[in-house]
Amino acid sequence: MASSSGTSSGTSLIQNSGSEEDLKGLMDQRKRKRMISNRESARRSRMRKQKHVDDLMAQVAQLRKDNHQIISNVHITSQHFLNIEAENSILRAQVGELSQRLQSLNEIITFLNNSNGVFGAGETSTFAEPIYTFMNPLNFSYSNQPIMAAADMFQC
């Protein structure tokens with residue numbers, strides 16, 4: 001019986017060493033699996049990071065393009081503003097000049113209206129023309145009206 005117990009303990013040692021080898025193999029397999037999984041996870045992380053960097057670079061390019069467009073629009077708008085300011089300055093000068101001319105013409109009309117009865121029949125003046133002339137501006141009915149200018153008549 002001793003021999004059978006000796007064989008039995010020898011088989012048990014073989015089983016233990018086989019069990020340890022299996023355990024070691026299982027541990028090595030798990031390590032490899034974890035290492036492969038970690039490598040795959042790191043690869044995915046690098047891909048996500050690269051995609052994020054690419055997206056940011058595309059956004060930078062788009063923002064630069066938009067910024068250039070805005071600067072261009074501001075420049076064009078500023079140029080239009082300067083042109084309109086120059087045109088307004090000219091128009092203001094013309095309004096001032098035409099207002100002065102209008103005032104002078106109204107003064108002439110007032111003078112002519114006030115002097116219509118001043119000159120006698122026998123006297124001559126620079127304003128004396130035959131009354132019967134059709135084209136005599138003093139015979140027009142509107143000649144007693146002041147001359148008015150509208151601001152929109154000077155626009156091009």
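**View 1. The whole protein chain.** Of the 156 residues in the protein chain of this predicted model, 4% are buried. The secondary structure of the protein chain consists of one helix and zero strands, and helix 1 runs over residues 2-115. The accessible surface of the protein chain comes to about 14000 Å², and carbon and sulfur atoms account for 59% of that area. As for confidence, the protein chain has an average pLDDT of 79, with 63% of the residues scoring at least 70.

**View 2. A nonpolar patch that includes M27.** On the surface, the residues L23, L26 and M27 form a nonpolar patch, and together they have about 290 Å² of accessible area. M27 belongs to helix 1, and this residue counts as partly exposed because its relative accessibility is 48%, which lies between the limits of 20% for buried and 50% for exposed.

**View 3. The salt bridge between E40 and R43.** The count of salt bridges comes to two, and one of them joins the side chains of E40 and R43, with a distance of 2.2 Å from N to O. Both E40 and R43 lie in helix 1, where three residues, or about one turn of the helix, separate them. E40 is partly exposed, since its relative accessible area is 30%, and R43 likewise counts as partly exposed, at 36% relative accessibility.

**View 4. The salt bridge between K51 and D55.** A salt bridge is also formed by K51 with D55, whose closest N and O atoms are 3.1 Å apart. The two residues, K51 and D55, are both in helix 1 and stand four residues apart, which is about one turn of the helix. D55 counts as partly exposed, because its relative accessibility is 41%.

**View 5. S115 and the backbone of L112.** S115 is found in helix 1, whose range is given as residues 2-115. A polar atom of the S115 side chain lies 3.3 Å from the backbone oxygen of L112. The relative accessible area of S115 is 9%, so this residue is buried, the limit for that class being under 20%.

View 6. Where pLDDT is low, the predicted coordinates should not be read in detail.

Methods:
Residues are numbered from 1 along each chain as its sequence is written. This is a predicted model: local features need pLDDT of at least 70, side-chain atom pairs count only at pLDDT 80 or more; totals for chains, interfaces and linings use all residues. Side-chain values use heavy atoms; hydrogens and water are left out. Patches are made of residues with over 30% relative accessible area and no salt bridge: like charges are joined within 9 Å, nonpolar side chains (Val, Leu, Ile, Met, Phe, Trp, Tyr) within 5 Å. Accessible areas come from the Shrake-Rupley method with a 1.4 Å probe; for residues, only the protein chains shown count as cover. A salt bridge is a side-chain nitrogen of Lys or Arg within 4 Å of a carboxyl oxygen of Asp or Glu. Buried means under 20% relative accessible area, exposed over 50%, partly exposed in between (1.4 Å probe, protein chains only). pLDDT is the predictor's confidence in each residue, from 0 to 100. A polar contact is a pair of N or O atoms within 3.5 Å; within protein, one must be able to donate a hydrogen and the other to accept it, and residues adjacent in sequence count only if both atoms are side-chain atoms.
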